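Hi everyone, thanks for making the time.

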Amino acid sequence: MIGDGRLEPAYEHCRKLTATHGRSYYLGTQLLSRRQRAGVYALYGFARMVDDIVDTGSGQHRLSALDAIEADLHAALSDPGYLPRRPEVLAVADTITTFDIDHRYFDAFMRSMRMDVPDSDIHVARYRTMAELRDYMYGSASVIGLQMLPILGTVVDGDVAITPARALGDAFQLTNFIRDAGEDLDRDRIYLPTDELAIFGVDESMLRRCRRTGQVPGELRRALAHLIAVTRAEYRRAEPGIEMLSPSSRPGIRAAFTMYRAILDEVERSGYRVLTERVRVSKPARLGHVARAVSTRGTLARS
C-alpha cells in the first residue's frame, strides 16, 4: 500500500500497544502466523487508540479527534497514496486492504465509540436492557470478531462463521464490563444493564456505595453471578466457531478464548469484588492456557 518506510514501524507500534495493554490477547496471538499477527495487532492498536481518546480526552476535543481519525481512515482507504497522520491508522488501513475487511465494520465501531462521549448527540451512559446494550456492543465488540474473520480464515462459508464470531466479540466485551465495573463507574458509565441489576435489588446508589466502601452485599453478588452466567452462555455460542477457523488459526483463538473466559472464574474467586479490585488471570495460568491450546489443537506457529 505505502512504501515510504513508515509501514513496518506502524505495525511495530501496534504490536507494542497490544503487548502492553492486551496481555492475554497478545499471548494468544503468538500462536498465529507472522502475517496474521501483524493484522491482529493493527486491529487492536487502532481500537486501543480510539478507546484511549474516548476515555482520557476532554470535552469537545474527543469528538473532534474521532472525526479526524475517521476522516484519516477513509482517506487512506480511498487513496492508496495517502499518508495517514497516525501509525495506528496507517497499519489498520493496510490490514483492511490486505485482508479485504468490510469498511462498514469500522464505521460501526466509530459510532459506538461516539456513544461513550458525553458531548456526542448519541451519547449513552446507562443501558436499561440487554437489548439496548447489544446495540452498543455491535460496534464495540461484535464487529471486532467480524474484522478478525478474514485474517484468521475459515474452512466454512464466511457467512456461517459470522454468528459465532459476533458471539466471541460479545463474550469478551461482557467479560470486560464485569471486570471493569468499578473503573467504568468512575467514568460515569454503567454498562451492566440496569434492569438486570434491579431484579436482584441492585441500583446505582448501591454500586457507588460499594465502590466507596469495598462492601459486596448479597444482592450484588447474586446480580454479578447472573451476569457471569449470561456471559458464559455467550462463550458457549462462540465456541463452535473455533473449529470453523483455518486449522492454523485455531490454537491462538482457543488460547485467547480460554484465557478470557478464565477472568470470570477469577471474579468469582475474588468474591465479586469488581467494584474495588481489577481481577487478573496470573501469568502462569495464562501460559498454561496457551500450552493446552498448543497440545490439543496444533503446534506453535513459526515466527
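Let me begin with what I mean by a cavity: on a 1 Å grid over the protein atoms alone, a cavity is a set of points where a 1.4 Å probe fits but cannot get out. A pocket is an open set with protein on both sides within 12 Å along at least five of seven lines, and lining residues have an atom within 4 Å of a point. For volumes, grid points are joined across faces, edges and corners, and the volume is the space filled by probe spheres set on the points.

Two words on the background. This is a predicted model, where local features need pLDDT of at least 70 and side-chain atom pairs count only at pLDDT 80 or more, while totals for chains, interfaces and linings use all residues. Residues are numbered from 1 along each chain as its sequence is written, and side-chain values use heavy atoms, with hydrogens and water left out.

So, how many cavities of 30 Å³ or more does the structure hold? There are three of them. The largest cavity has about 100 Å³ of space. Its lining is made of 13 residues, and the closest to the centre are Ala 181, Ile 190, Leu 192, Leu 207 and Leu 275.

I'll be naming helices from here on; they are DSSP runs (H or I, at least four residues), numbered from the N terminus. Helix 9, residues 181–186, and helix 12 each supply at least two residues of that lining, and helix 9 gives the most, with three.

Helix 7 (130–152), helix 8 (158–179) and helix 12 are the elements that give two or more residues to its lining. By class, that lining divides into ten nonpolar, one polar and no charged.

Which helices supply at least two residues each to the lining of the second largest pocket? Those are helix 1 (7–21) and helix 3 (34–56). This pocket has about 190 Å³ of space, and its lining includes Glu 8, Glu 12, Arg 15, Arg 34 and Arg 37, along with Tyr 11 and Tyr 41. Five charged residues sit in that lining, beside four nonpolar and one polar.

Is Val 143 buried or exposed? Buried means under 20% relative accessible area, exposed means over 50%, and partly exposed is in between (1.4 Å probe, protein chains only). Val 143 lies in helix 7, and it counts as buried because its relative accessibility is 0%. Contact here means heavy atoms within 4.5 Å. Leaving aside neighbours within four places in sequence, Val 143 is in contact with Tyr 105, Ala 108, Phe 109 and Tyr 138.

Arg 134 is also found in helix 7; with a relative accessible area of 29%, Arg 134 is partly exposed. Beyond its neighbours within four places in sequence, Arg 134 is in contact with Asp 170, Glu 234 and Arg 237. Arg 134 and Asp 170 are 36 residues apart in sequence, yet 8.2 Å apart in space, C-alpha to C-alpha.

Next, Ser 246, in the loop between helix 12 (218–238) and helix 13. Ser 246 is buried, at 18% relative accessible area. Setting aside residues up to four places away in sequence, Ser 246 touches Leu 152, Gly 153, Thr 154 and Val 155.

Helix 13 itself covers residues 250–269, and 15 of its 20 residues are buried. Gly 271, which follows helix 13, has a positive phi, near 80 degrees.

Last stop, two loop residues. Asp 100 has a phi near 55 degrees, a positive value in a residue other than glycine, and sits between helix 5 (87–99) and helix 6 (104–115). Asp 100 is exposed, at 66% relative accessibility. Asp 188 has a phi near 60 degrees, also positive, in the loop between helix 9 and helix 10 (194–199). At 41% relative accessibility, Asp 188 counts as partly exposed. Thanks, everyone!

Notes:
Expected span 1.5 Å × (residues − 1). Nonpolar A, V, L, I, M, F, W, Y, C, P; charged D, E, K, R; others polar.
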